[in-house]
Amino acid sequence: MVYDERTPVLIVGGGLVGLSAALFLSWHGVSSILVERHAGTSIHPRAWGWYPRTLELLRMVGVERQVMRESAGFVGHTLNGKVESLAGKEISLTTIPDPEDVSDMSPIGRVVSLSQDRLEPILLDRAKELGGELRFGTELTGLEPGTDGVTATVRVRETGAERRIHAQYVIAADGGHSPVRRLLGIGQRGRGILRDQISILFRAELSGPLGDRRFAVCQVENDLVEGILGHDDSLRQGTLIVTYRQEDGERPEDYDEERCTELVRAAVGDPGLEVRIREILPWQMASLHAERFSSGRVFLAGDAAHLLPPVGGFGANTGVHDVHNLAWKLEAVLAGKAGPELLETYDQERRPVAVATIEQAGLRLAARGGFATPQQRAALADTLSVTFGYRYDSAAPAFLDPRELTGQPGTRAPHIPIRLSGAVASTLDLFGRNPVLLAGADAQWCSAAERLPRTVDVLRAGHDFQETGRSWHEAAGIEPSGAILVRPDGFVSWRSITAPEGDPAAVLSRQLDRMFRTSTEAPVDDPPQMLAGLPPKQRLLFLTVSRTVSRCVWALAELGVADELACGPKPVTELADAVGADPDLLYRVLRCTATFDVFRELAGGRFALTPAAEPLRRDVPGSLRNLVLLEGHDLYWRSYGALLHSLRTGEPAFDHAFGTSFQPYLNTSPEAETLLRKAMSETNSGKPNMLTEMVDLSSCASVVDINGGEGRYLAALLMQYPHCTGVLFGRPGGFAEAARVFAERGVADRACTITGDPCTAVPAGHDAYVLKQVLHELADEQAVRVLRSVRAAIGSAGHSRLFLVEHLVGMQDKPDMATLLDVDMLVTTGGRERSLDDWRQLAGAAGFQVDDSTGAHGWAVLRCRPS
């Protein structure tokens with residue numbers, strides 16, 4: 001095929017996010033072409049507030065000073081008011097407190113106010129300066145993804161001339177209505193359109209009505225107009241935002257220049273005000289995100305990927321963070337430093353952050369509107385956590401307190417003030433184009449890096465830079481002999497609390513391979529790959545004695561050792577006294593687990609937490625303590641002792657070991673039943689966003705979660721789909737906790753519980769039914785009985801759907817979670833994990849047809865309809 005030109009990256013959309021993408025790519029040395037259908041940058045103020053984390057990214061590419069200079073006129077815009085009009089009565093007027101000083105955690109000490117129309121030209125000029133090619137007045141008319149690149153057809157709007165561009169990758173930053181997203185067939189999830197808005201951009205002399213007042217937020221409410229009135233620092237330009245109601249028959253076309261002029265005059269309070277309308281822009285306040293942020297070689301960013309309610313001002317900031325995350329990955333892949341698998345992490349990292357941020361914006365909207373429940377208010381994360389504290393780790397809580405971050409992998413690297421080449425700087429100024437290894441005085445890291453085929457910048461505190469206050473190793477949570485490896489985007493990839501055992505060059509090389517996804521090895525804590533490197537006899541021996549590690553971890557969880565180390569390393573004697581154990585024996589058990597990186601042994605007989613040991617703590621987000629306790633409980637320990645009986649007879653081992661079957665035993669053992677329920681809740685934590693996204697209830701008014709335990713998944717569904725009501729149906733063991741969960745998540749008014757046996761009947765008359773990890777506990781005959789109960793409840797309601805949420809058995813020679821769970825089911829309940837074909841046959845036997853299946857991270861959602 002003949003192309004008019006080729007480019008490594010094509011950027012579609014020249015708004016804030018597209019310009020940021022062009023700037024970050026150019027700074028990384030990646031050539032790109034940006035096309036934007038409008039003739040120039042936006043004249044719409046749009047976003048106003050820029051959080052310190054966003055400004056850190058702009059600082060990296062050299063525009064921080066220009067932004068600060070341009071924003072100087074907005075420093076005094078601090079009033080939050082409600083008025084009848086600018087010239088009329090003040091209903092309420094308060095001063096917004098000065099932004100929290102965050103200079104202890106960032107080189108940018110505060111939030112900066114600057115309208116987007118003033119920021120975009122700064123980004124454009126710098127992108128051009130660095131070699132970016134930006135083509136305004138040029139629109140995308142066609143896109144053909146291929147295996148070796150993407151073919152785009154673009155048209156110059158003024159002349160009609162068309163060109164074909166071959167791009168290796170495409171970034172779609174083409175707005176909330178994203179034609180690229182639609183062309184790719186990527187759907188959207190979320191609450192949907194919340195409000196239809198009109199922004200009226202105008203010029204008028206506002207200095208008189210304003211007097212000495214300078215507003216950050218000004219609500220106007222009188223008989224003629226209700227809306228938000230904003231003004232710039234010249235006091236001659238403003239924006240009036242009003243709501244129009246389609247349900248009342250209003251249309252954007254109704255807001256012509258004459259009507260808008262009258263609305264502006266009413267808002268200002270001057271019927272004779274000379275007004276010049278600059279533009280009338282209809283838009284929609286929405287709460288939506290794309291089902292996926294990438295498709296092959298095309299990546300969605302900014303509003304194309306996520307639409308947030310404006311309360312909190314997170315939307316534009318989140319978009320800038322999107323493309324900053326993507327830019328270094330594209331550079332690494334294009335330069336041959338990384339495997340293409342690195343680009344898969346864009347969706348894996350950014351989509352969970354965006355979904356959680358959308359939720360926070362929605363909570364703020366409810367709080368500002370006065371209709372937030374106490375539980376919703378309690379779920380509000382503070383702004384610093386939302387903008388600084390997100391972590392690229394699906395097992396972690398969505399937002400962490402940034403002042404408690406100390407170099408944990410997946411988090412933003414910590415800031416401390418330093419002197420660099422004699423000048424005042426920040427540790428964040430050390431990051432950029434290459435991976436950076438930040439270490440203490442130990443010179444072995446330098447010699448290790450010199451032996452690597454990759455480029456990694458090694459910088460040592462006290463040698464390459466000087467701390468001027470807090471020590472680097474304290475801020476990074478490491479010993480003086482340790483180090484942290486930081487990605488080009490400033491996020492911690494790996495941390496070695498102390499000097500590594502063995503060859504540091506080999507350790508560092510392995511971690512760089514993992515960062516860039518060039519390693520064919522799985523992580524060291526992946527048992528199948530770790531064992532694959534052993535000779536056959538040693539592999540068999542390791543598998544045979546692995547019970548030792550399992551029981552040691554269980555005992556340490558039971559003692560609560562991880563909780564005692566939460567505040568930092570401790571000597572084993574102090575630990576033993578705190579948990580009631582023998583010091584020598586506790587040391588030997590801890591030493592055993594430390595060889596597997598569960599806890600770490602330090603000098604002087606001290607032990608510390610590791611990332612693998614963190615989940616052993618009680619009642620912390622991401623805790624797996626109850627699951628560990630369950631694995632060591634008699635429920636499983638005794639059952640596996642009877643595995644041979646199962647293999648010989650075909651009966652569940654549990655029945656032989658306990659003299660009764662699994663569920664009747666739980667009914668008579670509240671302690672075991674509670675532990676099992678809590679462990680199951682832990683295994684599903686961190687996954688609600690992912691699994692609710694895969695269950696589409698957008699056209700459903702009600703949903704039944706069958707045997708849904710404590711109702712956490714049902715609550716997540718109802719939060720995702722606020723128009724739905726829900727029923728938690730099944731055994732009542734978790735209903736008391738469910739009531740608390742529903743209240744905490746703000747869905748108690750839309751959720752109820754019904755006791756019953758799904759093998760007999762389930763509630764009828766609902767639009768959707770969900771069975772999440774229920775049928776895998778059952779043999780085929782019992783599973784079909786449950787499915788038939790659901791089929792009977794649906795009856796002739798052709799629109800009703802059934803969603804099965806389960807693990808799928810994959811290739812039999814490749815160990816995965818499903819194969820392990822399958823043996824758990826064999827031993828305990830007599831159930832099994834199933835393949836997609838197994839599920840189709842099972843559903844067919846009960847009168848269902850599997851329409852489609854979606855999956856991620858080992859999970860699958862099967863959408864079934866009555867056949």
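Trainee: Where does Arg46 lie?

Mentor: In this predicted model, Arg46 lies in the loop between strand E2 (32-36) and strand E3 (49-50).

Trainee: Why is Arg46 called partly exposed?

Mentor: Arg46 has a relative accessible area of 48%. Buried means under 20% and exposed means over 50%, so Arg46, at 48%, counts as partly exposed.

Trainee: Is Ser421 buried or exposed, and how do you know?

Mentor: Look at the relative accessible area of Ser421, which is 75%. The cut-off for exposed is over 50%, so Ser421 is exposed.

Trainee: What about Gln188, why does that residue get the label partly exposed?

Mentor: Gln188 has a relative accessible area of 32%. You'll find Gln188 in strand E11 (residues 188-203).

Trainee: Which residues is Gln188 in contact with, leaving aside its neighbours within four places in sequence?

Mentor: Gly176, Arg181, Leu288, His289, Ala290, Glu291 and Leu307. As for Gly844, that residue is 656 residues away along the chain, and its C-alpha atom is 30 Å from that of Gln188.

Trainee: On to helices: what makes H8 and H9 roughly antiparallel?

Mentor: The axes of helix H8 (residues 315-334) and helix H9 (residues 344-369) cross at roughly 170°. Angles over 145 degrees count as roughly antiparallel, so H8 and H9 are roughly antiparallel to each other. Their axes also come within 10 Å.

Trainee: Which residues meet there?

Mentor: From H8, Thr318, His321, Asp322, Asn325, Leu326 and Lys329 meet Thr345, Tyr346, Glu349, Arg350 and Thr357 in H9. By class, that contact has two nonpolar, five polar and four charged residues.

Trainee: Zooming out, how do you know that the chain agrees with a compact globule?

Mentor: Set the two values side by side: with 867 residues, a compact globule would have a radius of gyration near 29 Å, and the chain has 29 Å, so the chain agrees with that rule. The C-alpha trace spans about 90 × 75 × 65 Å along its principal axes.

Trainee: How many helices and strands does the chain have?

Mentor: There are 32 helices and 35 strands. Buried residues make up 51% of the 867 residues.

Notes
Residues are numbered from 1 along each chain as its sequence is written. This is a predicted model: local features need pLDDT of at least 70, side-chain atom pairs count only at pLDDT 80 or more; totals for chains, interfaces and linings use all residues. Side-chain values use heavy atoms; hydrogens and water are left out. Axes are lines fitted to C-alpha atoms, for helices over the stretch in contact, and angles run from 0 to 180 degrees between N-to-C directions. Helices (H or I, at least four residues) and strands (E, at least two) are DSSP runs, numbered from the N terminus. Angles under 35 degrees count as roughly parallel, over 145 as roughly antiparallel, 65 to 115 as roughly perpendicular and the rest as oblique. Contact means heavy atoms within 4.5 Å. Ala, Val, Leu, Ile, Met, Phe, Trp, Tyr, Cys and Pro count as nonpolar, Asp, Glu, Lys and Arg as charged, and the others, Gly among them, as polar. The radius of gyration is taken over C-alpha atoms; the globule rule is 2.2 Å times the number of residues to the power 0.38. Buried means under 20% relative accessible area, exposed over 50%, partly exposed in between (1.4 Å probe, protein chains only).
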